[in-house]
Every structure is written in C-alpha cells, then in structure tokens.
Amino acid sequence: MRIYMQTVPGSAEAPRYVQIALEQDLLGGWTLYRETGTQGGRATLKRDQFLEREEAIAAFEKARDAQLKRGFRVMFSQGQDGPYGR
C-alpha cells in the first residue's frame, strides 16, 4: 500500500509532501515507510517494523489520518481495495 500527500503550495513556498508506504518483507513481517520533505528539497525517511499485518495496517491508517488533520491532501494512493487486500 502506498499513499502520496501534499500541501497546497503557498505564494513563495515549495509544497511539502508526505509519502507513506507499507510493504511485506521476505520473512513475513511488515515495514512502514514514512517519507516527509519539501518538493525539490531535503527529505526524511522513517521506518517501523511490524510482525502482524493488522498492526501494520493500523499504523499506516494512523499515520495517514494524522497528516490529513495537518492539512495534507491525497494526490495518489495505491493498494488495498477490499478488507483483505489483493
């Protein structure tokens, strides 16, 4: 699963972005990536590991909801269509 979010650009400021991705590793665990930064500028990448899929999805949704509350808008999303994904 992946979601790309961005702020509305200000007059002189470059827009800020957040990209959140959830991937399964080769051993059956889950990794949540959270990348934040300014378009054309520096970025920060944080990574969290989860053993259970449900925990990982809950963390993904929590990170997404926190950014929506901060005023970010969804520009692109990819992944889980139904309750069990694909």
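The paragraphs below lead through the predicted model of a protein chain, from its overall layout to one pair of rings. Residues are numbered from 1 along each chain as its sequence is written. In this predicted model, local features need pLDDT of at least 70 and side-chain atom pairs count only at pLDDT 80 or more, while totals for chains, interfaces and linings use all residues, and side-chain values use heavy atoms, with hydrogens and water left out.

Along the principal axes, its C-alpha atoms fill a box of roughly 45 × 25 × 20 Å. Of the 86 residues, 28% are buried, that is, under 20% relative accessible area with a 1.4 Å probe and protein chains only.

One aromatic pair is present in the structure. The ring centres of tyrosine 4 and tyrosine 17 are 5.8 Å apart and the planes lie at 20°, so the pair is stacked, given that pairing requires centres within 6.5 Å and stacking requires planes under 30 degrees apart. The pair links distant parts of the chain, with tyrosine 4 in strand S1 (residues 2-6) and tyrosine 17 in strand S2 (residues 16-24), and both tyrosine 4 and tyrosine 17 are buried.

As for confidence, the mean pLDDT (the predictor's confidence in each residue, from 0 to 100) is 89, and 92% of residues reach 70 or more, whereas pLDDT stays under 50 over residues 82-86. Where pLDDT is low, the predicted coordinates should not be read in detail.

Conventions. Buried means under 20% relative accessible area, exposed over 50%, partly exposed in between (1.4 Å probe, protein chains only). Contact means heavy atoms within 4.5 Å. Rings of Phe, Tyr and Trp (its six-membered ring) pair if their centres lie within 6.5 Å; planes under 30 degrees apart count as stacked, over 60 as edge-to-face and the rest as tilted. Helices (H or I, at least four residues) and strands (E, at least two) are DSSP runs, numbered from the N terminus.
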